[in-house]
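The sequence and the model are shown first.

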Amino acid sequence: MLILAIESSCDETSAAVCEFNGDSRVIRSNIIASQIETHKLYGGVVPEIASRAHCDAISGITYEALEVAGVTLADIDAIAVTSNPGLIGALLVGVNFAKALAFANNKPLIPVNHIRGHIAANYFVHADLKPPFLALVASGGHTSLIKVTGYTDFETVGRTRDDAIGEAFDKVGRVMGLPYPGGAEMDRLATIGDSTAVKFPSAAVVGDNLDFSFSGLKTAVINHLHNLTQKGEEYSREDVAASFTRAVTTSVVKKLGMACDATGLRDIVIAGGVAANSHLRAALEDFCQKRKLKLYLPPRSLCGDNAAMIAAQGYYEYLAGVRADTSLNAKATGK
Ligand code: KG4
Ligand code: ZN
């Protein structure tokens with residue numbers, strides 16, 4: 001079957017056409033219009049500007065996705081759309097556009113959870129991947145450890161209690177003068193820097209839990225930078241990026257290990273924009289090799305927000321009988 005998917009939960013407007021037949025999943029098109037250049041001027045995503053930019057882009061992006069896939073709306077079997085979580089105004093643009101398209105063309109409409117979508121991106125590249133598995137979702141807005149027992153059965157077993165992992169990368173980057181979003185540049189700087197130069201606190205919450213707290217780590221790094229700046233001392237951005245990244249990866253590996261022990265799961269799936277981080281990928285590869293766990297990493301091209309991942313999860317939601325009608329609403333929250 002052919003699914004047209006639409007994603008507009010944050011600062012990327014995306015539409016994709018994907019084909020599913022049994023276990024075969026193929027991306028026929030995956031068009032992404034990023035608003036990063038606009039939001040860069042403000043050092044972060046401005047929700048109202050994001051909503052307006054989605055309005056401008058969504059129709060053109062959708063028809064481009066159909067054209068690149070070489071199909072028309074008549075060929076589409078179902079329309080999937082991100083309905084939660086995300087910026088409410090941004091989500092509403094995609095949800096209302098998808099509702100109108102589905103209603104006018106008499107197609108089934110499938111609401112898809114954005115976090116589930118990030119995880120499902122892995123199905124395109126790992127033919128053998130099947131639940132049950134343990135997923136780590138690491139993005140700009142979310143950080144969760146999720147027990148995936150079926151294609152549509154999810155249980156969050158750990159989460160951040162404050163900032164998301166990507167948010168911490170971006171905020172530290174901003175204080176060091178990097179343009180928004182700083183995550184990718186932090187990755188590059190960390191490769192050059194000395195990861196033992198500064199000792200930063202862990203983001204793994206102490207105790208018998210699977211939660212993170214990135215706010216304390218972020219504040220510790222920012223205080224370190226402010227202290228040095230106030231004293232007129234120079235600092236190495238590379239060393240700070242490397243030391244911060246080491247604190248992050250060590251914390252993630254620690255809680256992931258505890259989650260494996262707690263759930264007994266041995267297949268590990270990584271997802272979300274921060275899954276593109278080369279140091280995190282290396283640390284996870286090392287950890288999984290030592291513990292003899294099977295690691296599934298998405299290609300960098302499918303780590304960030306895109307509509308193909310929404311189509312992938314949409315397919316399984318469709319098989320499970322999930323449908324929405326014109327009363328579908330967007331929701332800012334939700335696992
Ligand atoms: O999944 P995503 O595109 O959007 C959300 O759903 O939040 O993730 C975006 C986040 C941003 O915080 C960005 O800085 C971060 O992913 N990111 C990275 C890297 N590439 C993107 N963080 C660290 N290292 C990277 N290489
Ligand atoms: Zn995302």
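## Helix 5 and its surroundings

Helix 5 is followed by G177, which has a positive phi near 85°. Helices (H or I, at least four residues) and strands (E, at least two) are DSSP runs, numbered from the N terminus. The model is predicted, so local features need pLDDT of at least 70 and side-chain atom pairs count only at pLDDT 80 or more, while totals for chains, interfaces and linings use all residues. Residues are numbered from 1 along each chain as its sequence is written, chains are lettered from A and ligands numbered from 1 in the order in which they are written, and side-chain values use heavy atoms, with hydrogens and water left out.

In helix 5 (residues 165-175), the buried residues are I165, G166, A168, F169, D170, V172 and G173. Buried means under 20% relative accessible area, exposed means over 50%, and partly exposed lies in between (1.4 Å probe, protein chains only). These buried residues pack against strand 6 (133-138), strand 7 (143-150), helix 6 (183-192), helix 7 (214-230) and helix 8 (237-263); contact means heavy atoms within 4.5 Å.

D163 sits in the loop between strand 8 (153-159) and helix 5. D163 is buried because its relative accessible area is 10%. Its side chain makes a polar contact with the side chain of K218, at 2.7 Å. A polar contact is a pair of N or O atoms within 3.5 Å; within protein, one must be able to donate a hydrogen and the other to accept it, and residues adjacent in sequence count only if both atoms are side-chain atoms. With neighbours within four places in sequence set aside, D163 is in contact with K171, F214, S215 and K218.

## Overall fold

The protein has 10 helices and 10 strands. For 335 residues, a compact globule would have a radius of gyration near 20 Å, and the protein agrees with 20 Å. This radius is taken over C-alpha atoms, and the globule rule is 2.2 Å times the number of residues to the power 0.38. The C-alpha trace spans about 65 × 45 × 30 Å along its principal axes. Of the 335 residues, 54% are buried. Among contacts with a separation of 6 or more, 73% join residues 24 or more positions apart.

H118 in helix 4 (residues 114-120) and D305 in the loop between strand 10 (294-296) and helix 10 (307-319) are 187 residues apart, and the pair links distant parts of the chain. Both H118 and D305 are buried.

## Cysteines and a buried serine

A disulfide is a pair of cysteine sulfur atoms within 2.5 Å, and by this rule the count is zero.

| Cysteine | Closest cysteine sulfur | Relative accessible area |
|---|---|---|
| C18 | C303, 16 Å | C18, 0% |
| C288 | C260, 6.8 Å | C288, 2% |

S243 is in helix 8 and is buried, with a relative accessible area of 2%. A polar atom of its side chain lies 3.1 Å from the backbone nitrogen of V198.

## Backbone features

Most residues other than glycine have a negative phi, and most peptide bonds are trans. N106 has a positive phi of about 60° and is exposed at 72% relative accessibility. K292 has a phi near 55° and is exposed at 69%. The peptide bond from P131 to P132 is cis, with omega near 10°; the bond from Y180 to P181 is also cis, with omega near -10°.
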